[in-house]
Amino acid sequence: MNSSGNAALDAAVHAGRAERIDWRFRSIAPTLAGLTLDEAAARRANLFTDGFFGPFVVLDAAALEHNLTTMARWCAERGIALAPHGKTTMAPELFARQLAHGAWGITAANAGHVRIYRAFGVSRVLLANQLVDPSGLRWLAAELAADPDFEFVCWVDSVRGVELMTAALAGSPRPVDVLVELGADGGRTGVRDASTALAVAEAVAKSPALRLRGTGGYEGALSHHTDDTALAKISSYVDGLRDLAVTFAGKGLLAEGQVYVTAGGSAYFDRVVDELTKPWPGGLDVLPILRSGAYLTHDDGFYREISPLGAHPRITGVETLHPALHAWAQVTSKPSDELALLTAGKRDLPYDEGMPEPQQLRKGGVLTDLTGHTVAKMNDQHAFLILPAGSPVEVGDWVRLGLSHPCTTFDKWPLLPVVDADGETVTDFVRTWF
């Protein structure tokens with residue numbers, strides 16, 4: 001692993017490599033039990049001949065590196081900071097790789113995530129959510145007091161929230177940086193109009209415990225489409241974030257220093273960057289921050305279809321992202337010529353943004369492409385594979401599945417093998433912490 005530039009994170013990740021493999025990691029070969037992650041990786045075990053238990057989800061080493069490099073280069077060229085959402089993977093080793101590729105910080109979704117990040121030494125965290133829980137706020141105040149290098153910023157979207165935060169943070173030696181979150185009809189959290197936003201900003205400016213640093217929000221909840229109407233809606237929303245930041249600056253409500261304006265899931269980051277990198281009024285030092293996280297592994301479903309660097313790219317001159325997550329499941333039953341059952345289900349694979357996609361068949365050690373096959377549904381532990389006429393699939397064969405939506409894949413697997421170009425040789429392991 002390259003240095004992330006965060007010594008505490010690098011040290012914690014290095015220490016974590018001493019964890020030993022055991023029964024907790026259900027798919028990992030028993031022959032690797034007792035070995036550290038580094039020792040097991042050095043064995044270069046084969047998924048199919050060295051005792052791994054199916055089903056298993058694997059990471060493609062080359063695709064990971066390609067996606068890391070591609071996104072880092074594009075953000076640098078566009079002059080935008082990247083704070084990838086860590087909830088996608090909850091894997092500190094991958095956080096470190098993202099930071100080593102130039103990421104500005106790591107985004108979190110709740111206080112529990114921040115606690116995990118801090119346990120691994122992540123030094124700059126953007127919490128893309130409200131934090132009004134007194135317990136979480138008291139813990140945060142203690143973290144900020146104990147580590148002067150720890151940088152933290154989160155959302156606010158109500159005067160009541162500002163009051164709760166101020167009360168819970170009473171006596172804290174360091175103020176908490178906040179951004180007014182802009183919402184929209186049909187969206188999630190966030191203020192719905194400019195007058196409410198201004199009232200929240202004014203409340204923050206009066207709070208002894210908070211500092212207003214800018215604006216933030218999430219555009220991905222506003223659409224799942226890429227037609228002109230949908231894309232215009234996204235651009236208009238992000239432009240609203242700009243307008244609020246300029247308004248707050250004009251009224252003297254922003255704290256001294258750089259202004260943060262942030263948006264960006266993994267579906268519309270092109271539109272976010274287009275809007276946030278437009279010229280700002282003179283004298284306003286703005287750092288635009290993109291929070292996309294799923295770019296790291298991309299996918300074979302939702303993001304393949306909607307990402308600006310997917311199958312229908314909206315960004316020119318940049319190579320598209322590569323899917324880096326795949327599953328392997330064995331055929332356990334073939335009740336008829338039209339149906340086979342795979343040993344993988346909802347407990348193993350994502351299904352919230354589409355069914356897994358059958359892609360390859362492994363029969364007797366030989367790989368062939370699998371076309372015309374679909375997964376119709378999944379139970380807890382089985383996938384229903386619909387077979388076309390003349391299908392070669394038989395009991396005992398293995399099927400590689402493309403997956404849709406990485407955010408609901410990683411949380412099912414505490415340890416994922418990383419495979420080499422052959423798709424079978426394990427060269428590393430990635431530990432997740434959900």
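This is a predicted model: local features need pLDDT of at least 70, side-chain atom pairs count only at pLDDT 80 or more; totals for chains, interfaces and linings use all residues.
How does α3 begin? Asp-60 caps the N-terminal end of the helix, with a side-chain oxygen placed 3.0 Å from the backbone nitrogen of Ala-62. Just after α3 comes Gly-79, which takes a positive phi of about 70°.

Which residues of α3 are buried? Among them are Ala-63, Leu-64, His-66, Asn-67 and Leu-68. Further along the helix, Trp-74 and Cys-75 are buried as well. The buried residues of α3 pack against two helices, α4 (92-100) and α10 (269-276), and against the strands β1 (56-60), β2 (81-82) and β9 (286-290).

I turn now to the loop between α2 (37-42) and β1, where Pro-55 is located. The peptide bond that joins Gly-54 to Pro-55 is cis, with omega near 0°. Arg-44 lies in the loop between α2 and β1 too. Although Arg-44 is not a glycine, its phi is positive, at about 50°. Is Arg-44 buried or partly exposed? Arg-44 counts as partly exposed because its relative accessibility is 44%, and buried would require under 20%.

A positive phi is also found at His-298, again a residue other than glycine, with a value near 55°. His-298 belongs to the loop between β9 and α11 (302-306). Its relative accessible area is 3%, so His-298 is buried.

Next, consider Ser-223, in the loop between β7 (210-216) and α9 (228-250). With a relative accessible area of 10%, Ser-223 is therefore buried. Its side chain reaches the backbone nitrogen of His-225 at 3.0 Å. Leaving aside residues up to four places away in sequence, Ser-223 touches Ala-230 and Tyr-268.

Let us move to the aromatic rings. The structure holds 11 aromatic pairs, and one aromatic cluster is formed by Phe-48, Phe-52, Phe-56, Trp-328 and Trp-398. Which charged residues lie over rings? Arg-118 is placed over the face of Phe-150, 3.9 Å from the ring centre. The charged end of Arg-431 sits over the ring of Trp-433, at 4.0 Å from its centre.

Finally, an unreviewed UniProt entry annotates residues 324-420 as "domain: D-serine dehydratase-like". In the model, that span is 0% helix and 47% strand, and its end C-alpha atoms lie 11 Å apart.

Thank you for your attention.

Technical notes:
Residues are numbered from 1 along each chain as its sequence is written. Side-chain values use heavy atoms; hydrogens and water are left out. Rings of Phe, Tyr and Trp (its six-membered ring) pair if their centres lie within 6.5 Å; planes under 30 degrees apart count as stacked, over 60 as edge-to-face and the rest as tilted. A charge sits over a ring if NZ of Lys or CZ of Arg is within 6 Å of the ring centre and within 35 degrees of the ring normal. Buried means under 20% relative accessible area, exposed over 50%, partly exposed in between (1.4 Å probe, protein chains only). Helices (H or I, at least four residues) and strands (E, at least two) are DSSP runs, numbered from the N terminus. Contact means heavy atoms within 4.5 Å. A polar contact is a pair of N or O atoms within 3.5 Å; within protein, one must be able to donate a hydrogen and the other to accept it, and residues adjacent in sequence count only if both atoms are side-chain atoms. UniProt positions are given in the numbering used here, feature names are shortened, and annotations may be inferred rather than shown by experiment.
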